[in-house]
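I opened this notebook to record what I looked up in one structure. The entries run from the whole chain to single residues.

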Amino acid sequence: MSEKAEKHELDVVEIQHILPHRYPMLLVDRVLDYVPGEKVIAKKNVSVNEAFFQGHFPGNPVMPGVLIVEAMAQAGAIALLTVPEFKGKTAYFGGMNKVKFRQMVKPGDTLKLEVTLEKIRGHAGLGHGEAYVEGKKVCSGDLTFMIG
(Lines give C-alpha, C1' and ligand atoms only; values in the text may rest on other atoms or scores of the structure.)
Protein backbone atom coordinates (compact mmCIF):
# COMPACT_ATOMS: atom_id res chain seq x y z
CA MET A 1 0.00 0.00 0.00
CA SER A 2 1.53 3.31 -1.04
CA GLU A 3 1.02 6.49 0.95
CA LYS A 4 0.20 9.75 -0.75
CA ALA A 5 2.99 12.26 -0.23
CA GLU A 6 1.87 15.20 1.90
CA LYS A 7 2.01 18.57 0.17
CA HIS A 8 3.65 21.42 2.06
CA GLU A 9 2.24 24.83 1.13
CA LEU A 10 3.12 28.28 2.47
CA ASP A 11 1.28 31.57 2.04
CA VAL A 12 2.99 34.96 1.88
CA VAL A 13 2.75 35.52 5.67
CA GLU A 14 4.45 32.17 6.36
CA ILE A 15 7.10 32.98 3.72
CA GLN A 16 7.78 36.33 5.43
CA HIS A 17 8.47 34.47 8.70
CA ILE A 18 11.11 32.38 6.91
CA LEU A 19 12.56 35.32 4.90
CA PRO A 20 11.90 38.39 7.09
CA HIS A 21 14.98 40.16 5.72
CA ARG A 22 13.51 40.17 2.17
CA TYR A 23 10.40 42.23 2.97
CA PRO A 24 9.29 44.41 1.11
CA MET A 25 11.19 42.91 -1.86
CA LEU A 26 9.72 39.48 -1.35
CA LEU A 27 9.37 37.97 -4.83
CA VAL A 28 7.59 34.74 -3.88
CA ASP A 29 3.82 34.93 -3.37
CA ARG A 30 3.13 31.31 -2.51
CA VAL A 31 5.00 28.05 -2.03
CA LEU A 32 3.05 25.28 -3.74
CA ASP A 33 5.16 22.46 -2.32
CA TYR A 34 8.53 21.90 -0.66
CA VAL A 35 10.72 19.23 0.84
CA PRO A 36 13.10 20.74 3.44
CA GLY A 37 16.68 20.67 2.18
CA GLU A 38 15.66 19.23 -1.19
CA LYS A 39 13.27 21.29 -3.32
CA VAL A 40 10.76 24.10 -3.52
CA ILE A 41 8.04 24.86 -6.06
CA ALA A 42 6.74 28.42 -5.75
CA LYS A 43 4.98 31.11 -7.73
CA LYS A 44 5.06 34.85 -8.25
CA ASN A 45 2.10 36.70 -9.76
CA VAL A 46 3.69 39.52 -11.73
CA SER A 47 1.66 42.71 -11.39
CA VAL A 48 2.03 45.95 -13.35
CA ASN A 49 2.02 47.73 -9.96
CA GLU A 50 5.39 46.22 -8.99
CA ALA A 51 7.93 48.89 -8.07
CA PHE A 52 10.47 47.38 -10.49
CA PHE A 53 8.26 48.25 -13.49
CA GLN A 54 8.33 51.96 -12.68
CA GLY A 55 10.59 53.58 -15.27
CA HIS A 56 11.90 50.32 -16.75
CA PHE A 57 11.31 49.68 -20.44
CA PRO A 58 8.62 52.35 -21.01
CA GLY A 59 5.93 51.09 -23.36
CA ASN A 60 7.10 47.47 -23.01
CA PRO A 61 7.35 46.58 -19.30
CA VAL A 62 9.28 43.38 -18.58
CA MET A 63 10.51 41.93 -15.30
CA PRO A 64 14.27 42.57 -15.05
CA GLY A 65 16.26 39.33 -15.36
CA VAL A 66 18.09 40.01 -12.11
CA LEU A 67 14.73 39.85 -10.29
CA ILE A 68 13.80 36.56 -11.94
CA VAL A 69 17.09 35.21 -10.58
CA GLU A 70 16.36 36.77 -7.16
CA ALA A 71 12.93 35.09 -7.12
CA MET A 72 14.63 31.71 -7.73
CA ALA A 73 17.16 32.53 -4.99
CA GLN A 74 14.35 33.28 -2.54
CA ALA A 75 12.67 29.97 -3.40
CA GLY A 76 15.96 28.13 -2.82
CA ALA A 77 16.43 29.95 0.49
CA ILE A 78 13.05 28.60 1.61
CA ALA A 79 14.22 25.05 0.79
CA LEU A 80 17.30 25.62 2.98
CA LEU A 81 15.64 27.50 5.83
CA THR A 82 12.93 24.87 6.33
CA VAL A 83 15.67 22.43 7.39
CA PRO A 84 15.31 22.28 11.22
CA GLU A 85 18.96 23.15 12.00
CA PHE A 86 18.74 26.30 9.83
CA LYS A 87 15.43 27.58 11.25
CA GLY A 88 15.65 31.27 12.17
CA LYS A 89 18.91 31.81 10.27
CA THR A 90 19.48 33.86 7.12
CA ALA A 91 20.26 32.37 3.72
CA TYR A 92 22.55 34.50 1.59
CA PHE A 93 22.47 34.16 -2.18
CA GLY A 94 26.05 33.45 -3.23
CA GLY A 95 25.64 33.52 -6.99
CA MET A 96 24.32 31.87 -10.10
CA ASN A 97 26.24 30.12 -12.89
CA LYS A 98 25.21 29.01 -16.36
CA VAL A 99 22.28 31.45 -16.40
CA LYS A 100 20.10 31.28 -19.49
CA PHE A 101 17.22 33.65 -20.19
CA ARG A 102 14.80 32.39 -22.83
CA GLN A 103 11.73 34.59 -22.67
CA MET A 104 10.50 37.89 -21.22
CA VAL A 105 8.27 38.01 -18.15
CA LYS A 106 5.55 40.65 -18.38
CA PRO A 107 2.84 42.06 -16.11
CA GLY A 108 0.00 39.56 -15.80
CA ASP A 109 2.31 36.54 -16.02
CA THR A 110 2.52 33.94 -13.27
CA LEU A 111 6.13 32.95 -12.73
CA LYS A 112 6.51 29.35 -11.52
CA LEU A 113 9.80 28.74 -9.71
CA GLU A 114 11.36 25.31 -9.22
CA VAL A 115 14.57 24.99 -7.21
CA THR A 116 16.26 21.70 -6.36
CA LEU A 117 19.11 21.59 -3.86
CA GLU A 118 21.75 19.12 -4.96
CA LYS A 119 24.19 19.46 -2.03
CA ILE A 120 24.23 20.94 1.44
CA ARG A 121 27.72 20.98 2.88
CA GLY A 122 28.16 22.65 6.26
CA HIS A 123 26.57 26.07 5.88
CA ALA A 124 26.55 26.12 2.06
CA GLY A 125 24.03 24.84 -0.44
CA LEU A 126 24.27 24.19 -4.16
CA GLY A 127 21.29 23.72 -6.42
CA HIS A 128 19.59 24.29 -9.75
CA GLY A 129 16.71 26.64 -10.47
CA GLU A 130 14.24 27.03 -13.30
CA ALA A 131 11.50 29.60 -13.88
CA TYR A 132 8.48 29.06 -16.13
CA VAL A 133 5.57 31.07 -17.53
CA GLU A 134 2.66 29.01 -18.89
CA GLY A 135 4.87 25.91 -18.98
CA LYS A 136 7.64 27.59 -21.02
CA LYS A 137 11.06 27.90 -19.42
CA VAL A 138 12.06 31.57 -19.09
CA CYS A 139 15.25 31.19 -17.04
CA SER A 140 17.53 28.51 -15.60
CA GLY A 141 20.85 28.25 -13.82
CA ASP A 142 22.91 26.79 -10.97
CA LEU A 143 22.54 28.50 -7.58
CA THR A 144 24.85 28.86 -4.56
CA PHE A 145 23.68 29.75 -1.03
CA MET A 146 25.32 30.34 2.33
CA ILE A 147 23.66 30.16 5.74
CA GLY A 148 24.49 32.82 8.32
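My entries on the chain and on some of its residues follow.

**Basis.** I note that this is a predicted model, in which local features need pLDDT of at least 70 and side-chain atom pairs count only at pLDDT 80 or more, while totals for chains, interfaces and linings use all residues. Residues are numbered from 1 along each chain as its sequence is written, and side-chain values use heavy atoms, with hydrogens and water left out.

**Whole chain.** I looked up the secondary structure and found two helices and six strands; helices (H or I, at least four residues) and strands (E, at least two) are DSSP runs, numbered from the N terminus. Along the sequence they follow the pattern α-β-β-α-β-β-β-β. The radius of gyration is 15 Å, close to the 15 Å that the globule rule gives for 148 residues, so the chain is as compact as a globular protein of that length. The radius is taken over C-alpha atoms, and the rule is 2.2 Å times the number of residues to the power 0.38. I also noted that the C-alpha trace spans about 50 × 40 × 30 Å along its principal axes.

Of the 148 residues, 42% count as buried; buried means under 20% relative accessible area, exposed over 50%, and partly exposed in between (1.4 Å probe, protein chains only). Among contacts (heavy atoms within 4.5 Å) with a separation of 6 or more, 62% join residues 24 or more positions apart.

**Asp-109.** I found Asp-109 in the loop between strand 3 (91-101) and strand 4 (110-121). The backbone nitrogen of Lys-106, however, lies 2.7 Å from a polar atom of the Asp-109 side chain. Leaving aside neighbours within four places in sequence, Asp-109 is in contact with residues including Lys-44, Asn-45 and Val-133.

**Backbone exceptions.** Most residues other than glycine have a negative phi, and most peptide bonds are trans. I recorded a cis bond from Tyr-23 to Pro-24, with omega near 5°. Lys-98, in strand 3, has a positive phi of about 55° and is exposed. Glu-134 has a positive phi of about 50° and is exposed, with a relative accessible area of 75%.

Methods. Polar contact = N/O pair within 3.5 Å; in protein donor to acceptor, adjacent residues only side chain to side chain.
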